Amino acid sequence: MKIVDARVIVTSPGRNFVTLKLITDDGLTGVGDATLNGRELAVAAYLTEHVVPALIGRDASRIEDTWQYLYKGAYWRRGPVTMTAIAAVDTALWDIKGKAAGMPVYQLLGGRSREGVTVYGHANAEDTEGVLAEVARYVDLGYKAVRVQAGVPGLATTYGVSGDKMFYEPADAAIPSEAVWSTERYLTHTPSVFARVRDEFGPQLRLLHDVHHRLTPIEAGRLGKSLEPYALTWMEDPTPAELQQSLRLIRQHTTTPIAIGEVFNTIWDCQQLIAEQLIDYIRATVVHAGGITHLRRIFDLAALHQVRSGSHGATDLSPVCMSAALHLDISIPNFGLQEYMRHTAETDAVFPHGYHFADGYLHPSEEPGLGVDIDEELAAQYPYRPAALPVNRLEDGTLHSW
């Protein structure tokens with residue numbers, strides 16, 4: 001089963017996606033997501049110029065060997081571009097493997113560990129009343145977990161708060177737009193929002209919040225402490241995690257669970273966080289952490305230390321990645337939650353898929369492989385459009401995080 005062709009497809013049905021499609025000599029095809037939000041063409045070039053030529057003629061059944069070849073064969077290892085490209089190849093090979101076996105991928109990973117994948121949606125609004133209405137909408141849709149984000153009084157915009165609630169896309173301009181941020185206003189306002197939400201919806205609804213790396217460790221400890229009365233399932237990305245030991249300080253000041261990892265690329269980015277139990281949920285995802293093969297290694301390490309999965313699932317992950325994530329989610333023993341931001345109708349049409357949502361759960365496709373594909377003719381109707389994530393500055397002009 002040799003790889004005879006590989007195509008890198010760039011399309012923008014509402015937002016940019018990069019997809020790798022592999023074809024074998026016996027006619028099987030496999031798809032992998034290669035989208036790196038705001039740096040899509042860097043991955044497309046890496047695949048086209050460096051990876052695809054090395055894949056032609058390789059045995060498509062040798063998934064592990066191919067992963068090691070692409071990782072160890074590049075002197076300049078790791079990093080988001082390299083690991084996203086490897087993820088695309090790995091995911092496509094798992095798709096082919098499932099089709100060759102006549103089974104959905106999760107069966108090759110050991111079968112089901114649960115009946116469905118619990119997902120959470122994004123409830124966001126400029127003010128608290130709007131947030132309450134958005135949470136109610138997700139509860140009516142059957143969601144059992146909701147991420148809550150609110151605008152901050154006195155700030156013109158807040159990352160994570162959007163006009164289009166169901167199809168939020170933060171990449172808003174070819175050149176990054178800039179906004180003003182105030183940590184003091186945010187820390188004062190946020191607990192009051194959760195007080196209202198918990199009072200309105202009771203103790204059973206799982207509530208989450210994303211800090212977007214904005215705080216220092218001690219500021220994050222203060223926020224987590226102030227949110228303890230509202231029993232959050234997690235506080236996400238409280239501080240930049242390049243310095244993994246900084247999470248120790250947060251741990252010393254709050255029992256609010258911590259989730260982190262959507263920008264991680266390898267197991268080395270989170271080894272200390274997991275081994276020292278400095279986090280409760282690891283949010284690495286298929287497309288940015290080296291594919292199903294490598295993400296499973298991360299989740300296995302996490303399982304040894306009572307850390308659960310909580311994979312990223314924003315709109316910059318195509319349905320190809322979402323499908324791959326669901327096959328992994330349903331099979332691992334330490335699953336926690338899966339982020340689920342719905343795609344637009346245009347995106348769903350370009351990426352026909354068999355997974356579906358019902359009663360707060362996503363269910364993977366039962367078709368052989370991943371159960372997802374790309375309509376290349378339709379994809380060609382949506383050309384690439386440059387789009388970048390915004391950046392923040394503090395009120396004095398200092399460049400800050402999102």
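How close do the axes of helix H1 (residues 40-55) and H3 come, and at roughly what angle do they cross? In this predicted model, the two axes come within 9 Å and cross at roughly 55°. That makes H1 oblique to H3.

**Helix packing**

- The crossing of H1 and H3 is right-handed.
- H3 also packs against H2, at an angle of about 170°, and the axes of H2 and H3 lie 10 Å apart.
- Angles over 145 degrees count as roughly antiparallel, and H2 and H3 are therefore roughly antiparallel to each other.
- The crossing of H2 and H3 is right-handed.

**Cavities**

- The model has two cavities of 30 Å³ or more.
- The volume of the largest cavity is about 80 Å³.
- The largest cavity is lined by 13 residues, of which Gln-149, Ala-150, Tyr-186, Thr-190 and His-209 are the closest to its centre.
- Strand E5 (145-150) and helix H6 (183-201) are the elements that give two or more residues to this lining.
- Sorted by class, the lining of the largest cavity holds six nonpolar residues, six polar residues and one charged residue.

**Residues with positive phi**

- Arg-78 is a residue other than glycine with a positive phi, near 65°.
- Arg-78 sits in the loop between helix H2 (63-72) and helix H3 (80-101), and these two helices are the roughly antiparallel pair described above.
- Is Arg-78 buried, exposed or partly exposed? Its relative accessibility is 33%, so Arg-78 counts as partly exposed.
- Asp-237, although not a glycine, has a positive phi of about 45°.
- The loop that holds Asp-237 runs between strand E8 (234-236) and helix H8 (246-253).
- Why does Asp-237 count as buried? Buried means under 20% relative accessible area, and Asp-237 has a relative accessibility of 1%.

**His-122**

- Strand E4 (residues 117-125) contains His-122.
- With a relative accessible area of 5%, His-122 is buried.
- How far apart are the C-alpha atoms of His-122 and Pro-240? They are separated by 22 Å, and the two residues are 118 residues apart along the chain.

Note on methods
Residues numbered from 1 in each chain as written. Predicted model: local features only at pLDDT ≥ 70, side-chain atom pairs only at ≥ 80, totals over all residues. Heavy atoms only, no water. Helix = DSSP H or I, 4+ residues; strand = E, 2+ residues; numbered from the N terminus. Buried < 20%, exposed > 50% of the residue type's maximum accessible area, 1.4 Å probe, protein only. 1 Å grid on protein atoms, 1.4 Å probe; cavity = no way out; pocket = protein on both sides within 12 Å on 5 of 7 lines; lining within 4 Å. Points joined across faces, edges and corners; volume = space filled by probe spheres on them. Nonpolar A, V, L, I, M, F, W, Y, C, P; charged D, E, K, R; others polar. Axes fitted to C-alpha atoms, helices over the stretch in contact; angles between N-to-C directions. Parallel < 35°, antiparallel > 145°, perpendicular 65-115°, else oblique. Left-handed = near helix turned anticlockwise from the far one by under 90°.
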